[in-house]
Each structure stands twice: as structure tokens, then as C-alpha cells.
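This report walks through one protein chain, residue by residue and element by element. Please keep the sequence and the model open while reading.

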Amino acid sequence: MMHRRSVLLAALSLPIANLPAMAAAEPDILVMKSPTCGCCSAWVTHLDAADLGQIESRNLPDERLWEIKARLGITEALASCHTALLLGRYVIEGHVPASDIRRLMQDQPDALGLTVPGMPIGSPGMEMQDQKEAFDTLLIHADGTTSVYATHS
């Protein structure tokens, strides 16, 4: 068993140059996406503008991305083009607005996360001039069921 003093001494013995890298090791939001998807990159830009914390984006082959979705409990019915992990705790699937993510961070429900299934026109990252489709952000409960978390029209 390591005592607090041992942990502090071990931390102090690390080179100072490594400390910023260690602090940056775990982003607030980790986005996993296809390297060829422009709307995914636009969604990341939307999150950056909302100042939700440190965001890291990783490009993955589509088959790997679908494996990760399945492992995280994202079914085809809940899926979109990108998957993110929020604070290492919640799954954020698809074009979820930053305002819904901020609310999730405040509410901290006992849930798997949020999804905007598909790719609704007008959702963050899917803007097409003045075209907009109404869409819901769904809360994914721990048992895989969903409920409407927010409605956007």
C-alpha cells in the first residue's frame, strides 16, 4: 500500500517537462470519428466554440468505430457518424448540441449518455444554410432504453 507521502515524493521526482503532458493526458471530451467525415469535424468545432473543456479528436477506421460503439452500448437505432466519451463517464453519440452536453454535465444523471440518432439537418455540424429538421436528443439509460432529453425545432 502506497502512502500519501510516497505518492507525493514520486510525483515530485518526475521531470517538470512531463507535468503538462500528464495534465493533458485525459481530455474532457474524446471524439472518435472517421477521418473523412466533414460533419464530425464541424461538430468538434461546435464543441470548441462552446468551451466545454479540453477536446481530443481521434480518427479511426469505420470498422473500429463500430466496434467501439457496440462495446459502449450504442445500437444501430441510436447510432450516428461519431462517438464521444465525456469525462470518461458518458457516451455522446452523434450531433448532440453543446447545450445538452452542458446540461448533462450539470445534472449528472445515472445514465449511459446522450444521442442524436442519424444526422438531422440543422443539428450542430449538419448545418445547411437555413434548412432545419426538428430532432430530439435522447438520454440513454443504463438499461439501454431512452427518453427525450431535449427537443430542438
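His152 is buried, with a relative accessible area of 18%. Buried means under 20% relative accessible area, exposed over 50%, and partly exposed in between, using a 1.4 Å probe and protein chains only. His152 sits in strand β7, residues 146–152. Helices (H or I, at least four residues) and strands (E, at least two) are DSSP runs, numbered from the N terminus.

The side chains of His152 and Thr137 are joined by a polar contact of 3.5 Å. A polar contact is a pair of N or O atoms within 3.5 Å; within protein, one must be able to donate a hydrogen and the other to accept it, and residues adjacent in sequence count only if both atoms are side-chain atoms. Leaving out residues up to four places away in sequence, His152 touches Pro97, Asp100, Glu133, Ala134, Phe135 and Thr137. Contact means heavy atoms within 4.5 Å.

## Basis of the model

The model is predicted: local features need pLDDT of at least 70, side-chain atom pairs count only at pLDDT 80 or more, and totals for chains, interfaces and linings use all residues. Residues are numbered from 1 along each chain as its sequence is written, and side-chain values use heavy atoms, with hydrogens and water left out.

## Overall architecture

The protein chain has 5 helices and 7 strands. From the N terminus on, the order is α-α-β-α-β-α-β-β-α-β-β-β. Of the 153 residues in the protein chain, 41% are buried. Take the contacts between residues at least 6 apart in sequence: 52% join residues at least 24 apart.

## Ser80, a buried loop residue

Ser80 lies in the loop between α4 (62–72) and β3 (83–86). Is Ser80 buried or exposed? Ser80 is buried, at a relative accessible area of 8%.

The Ser80 side chain reaches the backbone oxygen of Gly118 at 2.6 Å. Residues up to four places away in sequence aside, Ser80 touches Trp66, Lys69, Glu93, Gly94, His95, Val116, Gly118 and Met119.

## Packing of α3 and α5

Helix α3 (residues 38–50) packs with helix α5 (residues 98–107) at an angle of about 55°, and their axes are 10 Å apart. Therefore α3 is oblique to α5. Angles under 35 degrees count as roughly parallel, over 145 as roughly antiparallel, 65 to 115 as roughly perpendicular and the rest as oblique. Axes are lines fitted to C-alpha atoms, for helices over the stretch in contact, and angles run from 0 to 180 degrees between N-to-C directions.

Which residues make the contact? From α3 come Trp43, His46, Leu47 and Ala50; from α5 come Ala98, Ile101 and Arg102. By class, the contact of α3 with α5 has 5 nonpolar, 1 polar and 1 charged residues. Ala, Val, Leu, Ile, Met, Phe, Trp, Tyr, Cys and Pro count as nonpolar, Asp, Glu, Lys and Arg as charged, and the others, Gly among them, as polar.

## Other loop positions

Asp51 lies in the loop between α3 and β2 (55–59). Asp51 is not a glycine, yet has a positive phi of about 55°. Asp51 is exposed, at 62% relative accessibility.

Leu87 is in the loop between β3 and β4 (90–94). Leu87 also has a positive phi of about 55° without being a glycine. At 43% relative accessibility, Leu87 is partly exposed.

Thr36 lies in the loop between β1 (29–33) and α3. Thr36 is exposed, with a relative accessible area of 72%. The C-alpha atoms of Thr36 and Pro61 are 9.7 Å apart, across 25 residues along the chain.
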